[in-house]
Amino acid sequence: MNTREFISIENLYGAFNYNPLNVVITKGEGVWVYDVEDKKYLDFLSAYSAVNQGHCHPRLLEALKKQAEKVTLTSRAFRNEQLPLLCRELCQLTGYARVLPMNSGAEAVETAIKAARKWGYTVKGVENGKAEIIVFDNNFHGRTTTIVGFSSEQKYREGFEPFTPGFRLVNYGDADAVKAAVNSNTVAVILEPVQGEGGIIIPPAGYLKQIEALCRDNNVLLLVDEIQTGLGRCGKMFAFEYENVRPDVLIIGKALSGGFYPVSAVLASDEVLGVFRPGDHGSTFGGNPLGCAVAREALRIIVDEKLPEKSAELGKYFIGLLKTLQNPKIKEIRGLGLFIGVELLPEAGGARKYCEALREEGLLCKETHTHIIRFAPPLVIKKEELDWAFERIRKVLE
Ligand SMILES: *Cc1c(COP(=O)(O)O)cnc(C)c1O
């Protein structure tokens, strides 16, 4: 079957909740993917940073196979030998005391929200039912009904009401807005250190530090969503390290499994994750041995292959290249590590058509919002491959 046939079958039987580029991928290897016509493309999105380690990393494939031959799912009704080791390795890597594993990113965010609320009632002493969580304009934390309920994006919300109360939306990048929103019922602030889906929005220097201080002063938990920015993407293991802050709750996912299998996790202190008692929370697949074995190897690859360091170095290099473009369509180029946004002026007519044109040239990227193209290649990419991509970007923007 060819591309057109696969697309027509999908259009006939699938739901229309995505608007993908018309490339039907059949194989991936490192930074490259191949479509059903055997055309080769450089992946410049990395499944929204879930494949930082590159497609089908051989070590991950081996870990998956090895575990799949033993046991894949026990449920948490019983114990398995992979879960304790993943928890220990995550704590050793990050310095947190406890881990709660889930599957998708949105589930981990939901878990963090539940932990923060219960902490608010049982530790902080907020009156039952009154807990408030501060969230930010332009946020993206996933697609469950609770999470889209506190989105500022009409498209994510419309038609899905009524929503969960208890969230206060404030401007991103303005610490005074948080200060004004905090009250005695505030239990948490949840933020992305760089807003990814929001368009690679990098807050002003010192912002996270200010938010952290506000949280400490008011006995409010700082929840940091590093599902997309973390695990090397922004040039450090976690983007919050740029400001030397210490989130009370760290939420990770995506590259935690290198794209093989959905694995997410919430990391926190004993005080915070300790609020959960048996029966309070769970997931049939959360902490399953297959996912844990894959996540353990995915983390080791990030460390062994120095992916955060590579991202920092190559990110600087690639942003430098992009900044040499003297193109009147470009409004701004911004990024942290290999997490890069090119914002086009409205006159350019939207980022989508450039993504279509780049696909024609063999480079896969995706617009975010209307005018921004995001560049986020797997972190195993080589300098020459970035040069190859740059030539195509230069050509298409001209
Ligand atoms: C992708 C993402 C999520 C949601 O993760 P899913 O696995 O798609 O549920 C949450 N927060 C951020 C910052 C993300 O980028």
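Predicted model: local features only at pLDDT ≥ 70, side-chain atom pairs only at ≥ 80, totals over all residues.
1. The lining of the largest cavity holds 2 nonpolar, 6 polar and 2 charged residues. Asn138, Asn139 and Phe140 belong to the lining of the largest cavity, as do Ser151, Ser152 and Glu153. Tyr156, Glu197, Gly198 and His369 line it too.

2. How many cavities of 30 Å³ or more does the structure hold? There are 2. The second largest cavity has a volume of about 30 Å³. Among the residues that line the second largest cavity are Met102, Asn103, Tyr261, Pro262 and Val263. Phe285, Gly287, Asn288, Gly291 and Cys292 also line the second largest cavity. By class, this lining has 6 nonpolar and 4 polar residues, with no charged ones.

3. Now the open spaces. The largest pocket has a volume of about 1,400 Å³. Its lining counts 48 residues. Nearest the centre of the largest pocket lie Tyr18, Tyr48, Phe140, Arg143 and Glu197. The lining of the largest pocket splits into 17 nonpolar, 19 polar and 12 charged residues.

4. Several elements supply at least two lining residues each: α2 (46-49), α5 (105-124), α6 (145-149), α7 (154-157) and β14 (366-368). The largest share, 3 residues, comes from β14.

5. The second largest pocket holds about 840 Å³ of space. It is lined by 26 residues, and Arg76, Leu83, Val99, Leu100 and Pro101 are the closest to its centre. Strand β4 (98-102), along with α4 (82-94) and α10 (270-273), gives at least two residues to the lining of the second largest pocket. Which element gives the largest share of this lining? β4 does, with 5 residues. The classes here are 14 nonpolar, 7 polar and 5 charged.

6. Next, the packing. The largest nonpolar core has 90 residues. Phe44, Val178, Val189, Phe318, Leu322 and Phe375 have the most contacts inside the largest nonpolar core. Helix α11 (residues 289-304) gives the most to this core, with 8 residues. Domain 1 (3-56 + 306-397) and domain 2 (59-304) each supply at least three residues to this core.

7. Phe375 deserves a look in the viewer. Leaving out residues up to four places away in sequence, Phe375 touches Phe44, Phe318, Leu322, Leu338 and Phe339, among others. Ile340, Val342, Cys365 and Ile393 are also touched by Phe375. Another core lies apart from the largest one; this other core has 31 residues, among them Ala115, Leu223, Val266 and Ala268.

8. Is Thr111 buried or exposed? Thr111 has 0% relative accessibility, so it counts as buried. Thr111 sits in helix α5. Beyond neighbours within four places in sequence, Thr111 is in contact with Leu100, Met102, Val266, Phe276 and His281. Three of these contacts tie back to earlier points. Leu100 is among the residues closest to the centre of the second largest pocket. Met102 lines the second largest cavity. Val266 belongs to the core of 31 residues.

Conventions. Residues numbered from 1 in each chain as written. Heavy atoms only, no water. 1 Å grid on protein atoms, 1.4 Å probe; cavity = no way out; pocket = protein on both sides within 12 Å on 5 of 7 lines; lining within 4 Å. Points joined across faces, edges and corners; volume = space filled by probe spheres on them. Helix = DSSP H or I, 4+ residues; strand = E, 2+ residues; numbered from the N terminus. Nonpolar A, V, L, I, M, F, W, Y, C, P; charged D, E, K, R; others polar. Core = buried A, V, L, I, M, F, W, Y, C linked by side-chain atoms within 4.5 Å. Buried < 20%, exposed > 50% of the residue type's maximum accessible area, 1.4 Å probe, protein only. Domains from an automatic or database assignment. Contact = heavy atoms within 4.5 Å.
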